[in-house]
Amino acid sequence: MEVDREDGRTQNQLRPLACSRNILHRAHGSASWSQGDTKVLAAVYGPKAGTKKNENPEKACIEVIWKPKTGQTGKQEKEYEMILKRTLLSICILTVNPNTTTSIIIQVVNDDGALLPSAINAACLALVDAGIPMKHLAIAICCVAKSGYVILDPTKLEEQKMKAFAYLVFPNSVHSVLPEGSLSVQGEPIEHGIITSVTHGTMSVDDYFYCLDRGRAASVKLSDFLRRSLQQHSTDSSKAG
């Protein structure tokens, strides 16, 4: 079933992507990520000595602070902080810098849909920029399901109109940099792995699996974009040096 979207995109078409690293000089690592008119900045500070209360001192600790574009941090932002923290904990190597805390600050510049996935992608880039040890990168995408069809990377208006949507986070590549011999992510084969899955609204099982299929296919495109961006940054840094 074909769906007409107000911005003229097809169901599977992503908005224009843009990203950059090392944009904040006082942070240990930083990045920006844009999808259409949605833009997020991420800054990494640390690792710093010591862990937060109730954290395991034998491992590195990660904290996430979400700053909305305007107003105070509310219930939605706290939920985003929790989801982002759990996602980053699953992809970072926590045994390399035990008894330390790394802080990730998320600043929303503009929200026109798919905000949390954009923040996850920005945070991953910022962690790379800061040199934080990671098992692999993560690629996040938002899928909206309604009446048996799925659209990718919705705008804010599309999110509001649709019955349900899912935030999905996949490994950046089937050729992950997981330690040799580790063939799974959270118990699933790496080629079918999913790191984080969050749904909002009422979604049928069939619609959810449609979202998974579409999201996994889109993650390949996002992974290619991320890889080219990292390679371009490395080339530019070599020339600058």
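**Note on the predicted chain**

1. Buried residues make up 47% of the 241 residues in the protein chain. Buried means under 20% relative accessible area, with exposed over 50% and partly exposed in between (1.4 Å probe, protein chains only). This is a predicted model: local features need pLDDT of at least 70, side-chain atom pairs count only at pLDDT 80 or more, and totals for chains, interfaces and linings use all residues. Residues are numbered from 1 along each chain as its sequence is written, and side-chain values use heavy atoms, leaving out hydrogens and water.

2. The protein chain has four helices and eleven strands. These are DSSP runs numbered from the N terminus: helices are H or I with at least four residues, strands are E with at least two.

3. Look at the contacts next (heavy atoms within 4.5 Å). Among those in the protein chain with a separation of 6 or more, 70% come from residues 24 or more positions apart.

4. Now the sheet. Five strands form an open sheet with mixed pairing, in the order S1-S2-S3-S5-S4. Strand S1 (17-21) and strand S4 (61-67) are the edge strands, and each pairs on one side only. Two strands pair if DSSP finds at least two bridges between them. Strands of a sheet pair through backbone hydrogen bonds, either parallel or antiparallel.

5. Take one pair. Strand S3 (residues 38-49) and strand S5 (residues 100-110) are antiparallel, over nine bridges. Ala42 stands opposite Ile106 in S5.

6. Helix H1 (residues 75-91) packs on the sheet and touches S4 and S5. Its direction makes about 145° with that of S4. Axes are lines fitted to C-alpha atoms, for helices over the stretch in contact, and angles run from 0 to 180 degrees between N-to-C directions.

7. Helix H2 (residues 115-130) lies across S1, strand S2 (29-35), S3, S4 and S5. H2 runs at about 150° to S2. Of its 16 residues, 14 are buried, so H2 is largely enclosed by the rest of the structure. Just after H2, Gly131 takes a positive phi of about 75°.

8. Finally, the core. A nonpolar core is a set of buried Ala, Val, Leu, Ile, Met, Phe, Trp, Tyr and Cys residues joined through side-chain atoms within 4.5 Å. The largest one has 65 residues, and Trp66, Leu88, Ile106 and Leu168 touch the most other members. H2 gives the most to this core, with ten residues. Leu88 touches Ile62, Val64, Ile104, Ala123, Cys124 and Leu127, not counting residues up to four places away in sequence.
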